[in-house]
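Please keep the sequence and the 3D view at hand while reading.

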Amino acid sequence: MAPVKISHVVSFSSQDPKYPVENLLNPDKQRGPWLSCPQDKSGQLKVELQLERAVPIGYIDVGNCGCAFLQIDVGRSSWSLDRPFVTLLPATMLMSRADSKQGKNRSGVRMFKDDDFLAPASGESWDRLRLTCSQPFTRHQSFGLAFLRVCSSLDSLDDPVVDPSAPVSSGLSQDSSNASESGPSPWMANPSIRRTFFPDPQTNTKEISDLRNILKQLHPGPLGRSARMVLSAAHRVSPASVASPKNNPVEPGPSHQDRAGEAPGPAFGSLFSLAPSFLLKSPTAL
């Protein structure tokens, strides 16, 4: 699960000048809680936050500071102002009536996961959060949140969706070459070994574009992580590594490099035929 940064505060209903809503932007700095204004007796507190990018939300950790209930709605920055948000987490109790009146257990921590979220919003990508905190049981104390952490359901936010039109560089071979110059692995400098175990990637833009179209037909909408992994593998695979060893024996040396440069087609044909059948067997993986 990858943490999602909160870039800025879009709007809020109330804050204590000593404990402003900006304290929620970076939970690791522990600047203090976000509390309602002492003169605000409405019993409700709202804030709308902008995430750094639109992602599917997998986890939300909340540090309470006197709230009795919390509801989280989600939306997108591209929506019109009059479009209603979608409820991700329905109103959930953080403090009981008795604890609220006695001022006990004000600083509990709740960790919400995908099972706690409502189905219409779970799994979709969002870049706006709207938090509604309420404390109807007492009006004598300020309340709010101590911290807020949001995590995406993606393993990493650095995994880009592969663009078939983007050029593919031979970064692996270059990194291996640099490592052989500075690291304690002189065998990596042998050209035959590098061509055998670290071949330069070959790319067929048309076939990868066709593969991408098939993946979208199998699962309309944004490509899932499995589909992106298939596209990424198609960019990086070496023709010699996909071709049948019986028909195309792989041997280290210059002849292997020549065959790889002359016949990229069969390799991508094999990958192209295998990927859709895999996805058909498990379409939910996307």
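## The whole chain

The model is predicted. It is a protein with 8 helices and 9 strands. Of its 286 residues, 39% count as buried. The accessible surface comes to about 15900 Å², and carbon and sulfur atoms hold 53% of that area. Among contacts with a separation of 6 or more, 77% are between residues 24 or more positions apart.

## Strand E5 and its partners

Strand E5 covers residues 69-75 and is mostly covered, with 5 of its 7 residues buried. Which strands pair with E5? One is strand E6, residues 86-93, which runs antiparallel to E5 and is joined to it by 5 bridges. Within this pairing, Val74 stands opposite Val86 of E6. Another is strand E8, residues 125-134, which pairs with E5 over 7 bridges, also in the antiparallel sense. Here Gly75 has Arg128 of E8 as its bridge partner.

## Aromatic rings

How many aromatic pairs does the structure hold? There are 3. A pair of rings is described by how far apart the centres are and by the angle of the planes. Two of the pairs involve Trp79 and are set out here.

| Ring pair | Distance of centres | Angle of planes | Arrangement |
|---|---|---|---|
| Trp79 and Phe85 | 6.3 Å | 90 degrees | edge-to-face |
| Trp79 and Trp126 | 5.8 Å | 85 degrees | edge-to-face |

Planes over 60 degrees apart count as edge-to-face, so the 90 degrees between Trp79 and Phe85 puts that pair in this class. The 85 degrees between Trp79 and Trp126 gives an edge-to-face pair as well. Through these ring pairs, Trp79, Phe85 and Trp126 are linked into a cluster. Trp79 and Phe85 are both buried, and Trp126 is buried too.

Trp79 lies in the loop between E5 and E6, while Trp126 belongs to strand E8, so their pair ties together parts that are 47 residues apart in sequence.

Charged groups also sit over rings. The charged end of Arg83 is placed over the ring of Trp79, at 4.0 Å from its centre. Elsewhere, the charged end of Arg149 sits over the ring of Phe147, 4.8 Å from the centre of that ring.

## Cysteines and the end of E8

How many disulfides does a search of the whole structure find? The search finds 0. Cys133 shows how this works out for one cysteine: the closest cysteine sulfur, in Cys67, is 3.8 Å from its own sulfur, too far for a bond. The cut-off for a disulfide is 2.5 Å between the sulfur atoms. Cys133 counts as buried because its relative accessibility is 0%.

Ser134 lies in strand E8. With a relative accessibility of 16%, Ser134 also counts as buried, since the limit for buried is under 20%. Leaving out residues up to four places away in sequence, Ser134 touches Gly43, Gln44, Cys67, Ala68, Phe69 and Phe143.

Leu148 is part of strand E9, residues 144-152, and counts as buried at 1% relative accessibility. Beyond residues up to four places away in sequence, Leu148 touches several others, among them Ile6, Leu24, Pro27, Leu49 and Leu131.

Is Leu118 buried, partly exposed or exposed? Leu118 is partly exposed, with a relative accessible area of 35%. It is found in the loop between E7 and E8. Not counting residues up to four places away in sequence, Leu118 touches Thr87, Leu88 and Pro90. The C-alpha atoms of Leu118 and Val86 are separated by 9.3 Å, and these residues are 32 residues apart along the chain.

Asn105 lies in the loop between helix H1 (97-102) and strand E7 (109-113). Asn105 is exposed, with a relative accessible area of 53%. Its phi is near 55 degrees, a positive value in a residue other than glycine.

Terms used:
Residues numbered from 1 in each chain as written. Predicted model: local features only at pLDDT ≥ 70, side-chain atom pairs only at ≥ 80, totals over all residues. Heavy atoms only, no water. Buried < 20%, exposed > 50% of the residue type's maximum accessible area, 1.4 Å probe, protein only. Helix = DSSP H or I, 4+ residues; strand = E, 2+ residues; numbered from the N terminus. Pairing = 2+ DSSP bridges. Phe/Tyr/Trp six-rings, centres within 6.5 Å; stacked < 30°, edge-to-face > 60°. Lys NZ or Arg CZ within 6 Å of the ring centre and 35° of its normal. Contact = heavy atoms within 4.5 Å. Areas by Shrake-Rupley, 256 points an atom, 1.4 Å probe, with all protein chains shown as cover.
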